[in-house]
Amino acid sequence: MRIICCRFGDKFTNWYVDNLKHMIDKYSGLEYDSFEVIENDIYGNWYNKLQMYDKFRDGENLYFDLDVVIHSKLPSLIRKNFTLLNDSWWREAAHTPLNSSIVSWTGDVSHIWDKFKSNEKEYLEKYNKGSDEFYFKEIEYETYGKVCPSIKDYLYEKPDYSIVTLGQMHHLMEKGWSGWYSKYFI
Amino acid sequence: MIKICTVYFEGLYTPDYVSKLYRSLKRNTSIPFEFICLSDNPNVEADVVLPYNKHSDIKLHWHKLKFFSSQFANQKPGDEIIIMDIDQIITGNVDDLIGHPVSDNELVTYGIWWDSVIGINGGFYKFKSGSLDYVWNDFALNPEYWQMYYFRNKDVHFKYYGEQNYVNMKLHSKNMKVTTTPPEWLCKYTADKNEMVTLHKEYTRRFNTEYMLLDEPNDMIKVIHFTGPGKTIHDHNEQFIKDNW
C-alpha cells in the first residue's frame, strides 16, 4: 500500500510532511510500503494533487492532506474504486459536498488526470474554488461514510473519530496554539 | 496572570515600537505581567515571541484576534488577557488600566471622547481568557470574508480595516458587557494639525481642563494613541514623545 501527500509552495513546510508521517506511524495503525510526496508545483494551488492519478497507476493508494490530525487507529480507508470524503453530514454542501482530504483508489485511475489535462484551462476557470468541485461535476466517485469530521466542531474535546480535518483551522498546527490535538504533532 | 499581547509585522512601524511599549509599561505599572508579541521578527523585545505566519489567509492586524482564543499563547484558565496596539505612548501610571477589573463575558476597552461610530477601541481590549473564544473561532472559519467585509460595506476607507468593527459586532451579537475606562485617560494624536486643534478643544471642554497636550500631556492622560493609517510615532519630534517613548 502506498501513502501519498502533496506539498508545494510556502504555505506548508517540510514540517507538515514529517508531521503527517509521524501521526501515521505512531497512531494510525496503518502499514504501508511507501510514503510518497507530490512536490511538483504546476498550478500553484491544490489542483497539483491531481498529478497523483498520473504518477501512481497501480496497487492500493491512500492520500491524506497535510492539515489533518490523526490521533488513534484509523478505520479501513483503502478502497477499490476512486473514493473521497463527503462532508454533507457535518456542513452545508456549498459548491460541492466533496472533500479530498482523504482519497483512496486501487489500480489505475489516470483517466481523472487525463480528463483534467484535456481541458485544464476551462476546468481551472470553471471550478476555481478548488479541485473538489471538479470531482463533483466531472468524475465518477464513491464516498466514505462518517470517518472524518472537521475540528471546528471538536476544538475543545477530542472526538471519537480517529482523524479530523483542520480546514480553515489549520493555524492550530502553528507554534503558539495548544489543545487536545497538540500532543499528536511532532 | 495578566498577559499583554501585541502584534508587530514589518511595514509601517519598526521593531523598537515593541521595545518602547514593553519598557514603558514596565516603567509605569507595579502589576506583574507577561508581554507577548506575535511577530515576523523573532528578535523583537518581549517575554514571548510567537511567529507571524505570512503565508496564512490572515492579514495584517487581524492576527491580533488570535489572542481571543484561549488555545493561543499558552493561556490558562483565569488568565486576564490584554490586547494592545503598539502605536501608543504610555505617559503615566497605568496600574488602574492594566489592573482594571474584568469579569467573565465582559470586554474592557478604552473610553473614547471623540466622535466614533463604534463603542470600542482596538487599542486596548481586556477580557478573561476563554470568555470570548468565539471572536476568533467564528472569524477563523471565513477570514477572507470578514477582512474585506467592512471595506466593501463602506464602513472603513482602507482595505483590511474593520477589525474593531468585527469585534464590536461579535460582542453585540452575544450581548456581551462592554466596559470602558475613564475617557480622560486617553489622548488621541494625529498628524493633522486642524484635527488636533479640534481634539484639544473637545478634550478641554469635556473634561473642564486647560489643555490636552502641550510639551507634556495633561496629568489625567495615561496613554497617547497614534491612530489611523500612516500615523506613526517616529515621524514626530514633540517633547512628550522624547520624554515618554
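This is a predicted model: local features need pLDDT of at least 70, side-chain atom pairs count only at pLDDT 80 or more; totals for chains, interfaces and linings use all residues.
Local features require pLDDT of at least 70 and side-chain atom pairs count only at pLDDT 80 or more, whereas totals for chains, interfaces and linings use all residues. Residues are numbered from 1 along each chain as its sequence is written, chains are lettered from A and ligands numbered from 1 in the order in which they are written, and side-chain values use heavy atoms, with hydrogens and water left out.

At the interface, 17 residues of chain A are in contact with 20 residues of chain B (contact: heavy atoms within 4.5 Å). The two chains bury about 1600 Å² between them, with 51% of it on carbon and sulfur atoms; buried area is the accessible area (1.4 Å probe) that two parts lose on being put together, summed over both. Of the area that chain B buries against chain A, 39% is supplied by B:His55, B:Gln71 and B:Leu141, more than by any other three residues.

The rule finds two salt bridges across this interface (a side-chain nitrogen of Lys or Arg within 4 Å of a carboxyl oxygen of Asp or Glu). A salt bridge joins the side chains of B:Asp57 and A:Lys11, at 3.7 Å from N to O. On the side of chain B that touches chain A, β3 (48–51) and α3 (133–140) each supply at least two residues. The largest share, four residues, comes from α3(B). Helices (H or I, at least four residues) and strands (E, at least two) are DSSP runs, numbered from the N terminus.

Helix α3(B) is largely enclosed by the rest of the structure, because seven of its eight residues are buried (under 20% relative accessible area, 1.4 Å probe, protein chains only). Among the buried residues are B:Tyr134, B:Trp136 and B:Phe139. Their cover includes α4 (143–152) and α5 (163–173) of chain B.

Strand β1 (residues 2–8) of chain B has seven of seven residues buried and is therefore largely enclosed as well. B:Ile2, B:Ile4, B:Thr6 and B:Tyr8 lie on one side, and B:Lys3, B:Cys5 and B:Val7 on the other. β1(B) runs parallel to β4 (residues 80–84) of chain B, joined by four bridges, and B:Lys3 has B:Ile81 as its bridge partner there. Six bridges join β1(B) to the parallel strand β2 (residues 34–39) of chain B, where B:Cys37 stands opposite B:Thr6. Strands pair if DSSP finds at least two bridges between them.

Methods: Buried means under 20% relative accessible area, exposed over 50%, partly exposed in between (1.4 Å probe, protein chains only).
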